[in-house]
Amino acid sequence: MKVLDSSALDALPSRYRAQFLNSISGIKSASLIGTISKEGQTNLAVFNSVIHLGSNPPLFGFTLRPTTVERHTYNNILSEKVFTINHIHQDIIAQSHQTSAKYDFHVSEFEAVGLTEEYLGSIAAPFVKESNVKIACKYLNDYVIEENQCRLVIGQISHVCFDESFQEDDGFVDLTKANSVGILGVDAYVQATMLDRFEYAKPDQPVSSKYGSQES
Ligand SMILES: Cc1cc2nc3c(=O)[nH]c(=O)nc-3n(C[C@H](O)[C@H](O)[C@H](O)COP(=O)(O)O)c2cc1C
């Protein structure tokens, strides 16, 4: 097996190092974050860092690169305190990726890449109509990560929209049925396949499949 120690990592050319470390951390979630400015200008951008922070209260977070350049998503969230998270599925990977281009503030990525704005109830931020799983969040807080000046942005979930056929009786949502994809590194999109689900693990009991497909 190839072994790289920290001095070998330091010696890697910066783009190569970014590709390497971004991919080796694992397959990540693939989301489009939709926002709107005070003036009504919509914005859409791809993020691979949306994570579950806790269920009670229902919190999601995502990491934001350093604010050394204009960050439209972040500025809109700070101003309007609301954003949407829209899962990327296999039929919209190219348009979704294109939202990462540095469009001018006055250009809506929805229009630029050919995705459709959708508004639900009184939520001010736009959803992506084509998406199969859509979540609205109220901005709560953000924290600077001192080591690299990135930020962890935290939102509280206010609404979740998805097709009921994706959900199992215990609440679990099978995102493979929604065709939600994952992101490897910052430019590869991968499809997920359900392998198994397991019962709650206990030290004195053998692992047990929820789908009855495996037991040991
Ligand atoms: C696959 C992929 C994942 C990305 N994930 C993030 C992320 O988690 N955080 C981030 O700050 N930027 C991320 N970006 C970069 C943003 O999409 C990009 O900076 C975008 O232009 C931000 O748009 P905005 O200025 O309109 O908010 C990602 C880009 C790609 C291609």
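# Around helix α3 and beyond

Visitor: How many other C-beta atoms lie within 10 Å of Lys-81?
Guide: Residues are numbered from 1 along each chain as its sequence is written. Because the model is predicted, local features need pLDDT of at least 70 and side-chain atom pairs count only at pLDDT 80 or more, whereas totals for chains, interfaces and linings use all residues. A residue is buried if 20 or more other C-beta atoms, placed from the backbone, lie within 10 Å of its own, exposed if 12 or fewer, and partly exposed in between. Lys-81 counts as partly exposed because the number of other C-beta atoms within 10 Å is 14.

Visitor: Which residues of helix α3 are buried?
Guide: Helix α3 covers residues 72-80, and its buried residues pack against several strands, among them β2 (31-36), β3 (42-47) and β6 (82-87), with contact meaning that two C-beta atoms, placed from the backbone, lie within 7 Å. The buried residues of α3 are His-72, Thr-73, Tyr-74, Asn-76 and Ile-77.

Visitor: Which element gives the most residues to the shell around the ligand?
Guide: The shell has 18 residues, of which Ala-45, Ser-49, His-72, Thr-73 and Ser-100 come nearest; a residue counts as near when its C-beta atom, placed from the backbone, lies within 6 Å of the molecule. The shell divides into 7 nonpolar, 8 polar and 3 charged residues, where Ala, Val, Leu, Ile, Met, Phe, Trp, Tyr, Cys and Pro count as nonpolar, Asp, Glu, Lys and Arg as charged, and the others, Gly among them, as polar. At least two residues come from each of β3, β5 and α3, and the element giving the most, with 4 residues, is β3.

Visitor: How many bridges join β2 to β3?
Guide: Two strands pair if DSSP finds at least two bridges between them. Strands β2 and β3 form a hairpin with 5 residues between them, and Gly-40 in the turn has a positive phi of about 90°. Gly-34 has Leu-44 as its bridge partner in β3, and the number of bridges joining the two antiparallel strands is 6.

Visitor: In β9, which residue is the bridge partner of Phe-83?
Guide: Strand β6 is mostly covered, with 5 of its 6 residues buried. It pairs with β2 in the antiparallel sense over 4 bridges, and Thr-84 in β6 stands opposite Gly-34. On β6 there are also 5 bridges to β9, again running antiparallel, and there the partner of Phe-83 is Cys-137.

Visitor: Which residues of the largest nonpolar core touch the most other members?
Guide: A nonpolar core is a set of buried Ala, Val, Leu, Ile, Met, Phe, Trp, Tyr and Cys residues joined through C-beta atoms within 7 Å. Leaving aside neighbours within four places in sequence, Ile-85 is in contact with Ser-31, Ile-33, Val-50, Phe-60, Ile-135 and Cys-137. Of the 31 residues in the largest core, those touching the most other members are Leu-32, Ile-85, Leu-115 and Cys-137.

Visitor: Which strands stand at the edges of the open sheet of 3 strands?
Guide: The open sheet runs in the order β1-β11-β12, with antiparallel pairing. Each edge strand has a single partner, so one side of it is left without a neighbour in the sheet, and these strands are β1 (28-29) and β12 (188-191).

Visitor: What is the omega of the cis peptide bond between Asn-56 and Pro-57?
Guide: Pro-57 is found in the loop between β4 (51-55) and β5. The bond that joins Asn-56 to Pro-57 is cis, and its omega is about 5°.

Visitor: Is Gln-149 buried or exposed?
Guide: Gln-149 lies in the loop between β9 and β10 and has a positive phi of about 65°, although it is not a glycine. Because 12 other C-beta atoms lie within 10 Å, Gln-149 counts as exposed.
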